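User: I have a structure on screen and would like to learn how to read it. Please take me through it one feature at a time.

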Amino acid sequence: MNILKFTSDEDFAQTGANLIVSLLQSNPKAVLGLATGSSPVGVYAKLVEMHAKGIVSFAKASSYNLDEYVGLPVDHPQSYRSFMNEHLFNHIDIDLAKTHVPNGNAADLEAECLAYDKLLEEGGPVDLQILGIGSNGHIGFNEPDASLTSGTHVVDLLPETLEANARFFDSREDVPRQAVTMGIGGILKARQIVLLVRGEEKAEAVKNALEGPITTQCPASLLQSHPNVVVLLDEGAAKWLK
Ligand code: F6R
């Protein structure tokens, strides 16, 4: 694992963006695995900036998002499809038809999960997977549990995740209780994983993930088993590391 610590938000975001830009410059058809949430926002803003300057094109690239809320209309401002359009896709030259976000409104969610894994199988493997981490150690929406699921599946979000995500909604009651998420097996198939973490409230999860035992009670700890992980941390997130 390559762990990089940053004192400046600017350098954090630029370094994350540079990893994606270098990949696309050497492989314009790269397959990107993308995350939502506050962690990647700065990186996406840098990508938009670099695209506007003509440094990078996404025209031949494709993308697969980690997750989507169940039952939230796709055009709701807090749907993960809306998030991706607003923060990245609407401002770059990616072909929207080649951007994939699980459909949390599918009539048959089980079939949607299988279909998403098939899409990933056909279009993958993901060359670079962006991840954030929950304060409980979740990646994607793979919540801590006695066992973890390999493929894409429907998950009941834990109270702490509902609490954390309430900041994006008018009230906690408005946060969808379930999500469709890529499974741990799907995430670990990526050729490279870039974990982005900012803030002291993530320090314990970061310590457990990077220095603790590999356990399903901290899903991010399974990243220790992956051969190519880069971790970008700000000072707060790195606070408890040895
Ligand atoms: C989002 C996702 C989640 C977030 C995590 C951290 O697509 O899969 O695992 O990465 O909850 O969220 P933020 O970055 O908002 O702290």
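User: Which residues does the UniProt annotation "active site" cover?

Analyst: The UniProt annotation "active site", from an unreviewed entry, covers Asp67, Asn136, His138 and Glu143. UniProt positions are given in the numbering used here, feature names are shortened, and annotations may be inferred rather than shown by experiment. Residues are numbered from 1 along each chain as its sequence is written. This is a predicted model: local features need pLDDT of at least 70, side-chain atom pairs count only at pLDDT 80 or more, and totals for chains, interfaces and linings use all residues.

User: Where is Asp67, and why does Asp67 count as buried?

Analyst: A residue is buried if 20 or more other C-beta atoms lie within 10 Å of its own, exposed if 12 or fewer, and partly exposed in between, with C-beta atoms placed from the backbone. Asp67 sits in strand β4 and counts as buried because it has 23 C-beta neighbours inside 10 Å. Strands (E, at least two residues) and helices (H or I, at least four) are DSSP runs, numbered from the N terminus.

User: Which residues does Asp67 touch?

Analyst: Two residues are in contact if their C-beta atoms, placed from the backbone, lie within 7 Å. Not counting residues up to four places away in sequence, Asp67 touches Tyr80, Pro102, Gly140, Phe141, Ala179, Val180, Thr181 and Met182.

User: Is His138 buried or exposed?

Analyst: His138 is buried, because 26 C-beta neighbours lie inside 10 Å. His138 belongs to the loop between β6 and β7. Leaving aside neighbours within four places in sequence, its contacts are Glu143, Pro144, Thr161 and Pro219.

User: What is the strand order in the sheet that contains β4?

Analyst: Two strands pair if DSSP finds at least two bridges between them. This is an open sheet of three strands in the order β4-β8-β7, paired antiparallel. β4 (67–69) and β7 (153–156) stand at the edges with a single partner strand each, so one side of each has no neighbour in the sheet. Three bridges join β4 to strand β8 (residues 178–181), and Tyr69 has Ala179 as its bridge partner in β8.

User: How many strands does the open sheet with parallel pairing have?

Analyst: That open sheet has seven strands, in the order β1-β10-β9-β6-β2-β3-β5. β1 (2–6) and β5 (99–100) are its edge strands, each pairing on one side only. Strand β6 (residues 128–131) pairs with strand β2 (residues 31–34) in the parallel sense over two bridges; Leu32 is partnered with Leu128, and Gly33 with Gln129. Four bridges join β6 to β9, which also run parallel, and Leu131 stands opposite Leu195 in β9.

User: Which way do the residues of β6 point?

Analyst: Leu128 and Ile130 point one way from β6, while Gln129 and Leu131 point the other way, and all are buried.

User: Which residues of helix α7 are buried, and what do they pack against?

Analyst: An α-helix has 3.6 residues a turn, so residues three or four places apart point the same way. In helix α7 (residues 203–211) the buried residues are Ala205, Val206, Asn208, Ala209 and Leu210. The buried residues of α7 pack against β1, β9 (192–197) and β10 (229–234).

User: How many residues surround the ligand?

Analyst: A residue is near a molecule if its C-beta atom, placed from the backbone, lies within 6 Å of it. Here 14 residues surround the ligand, and the closest are Thr36, Gly37, Ser38, Ser39 and Gly132.
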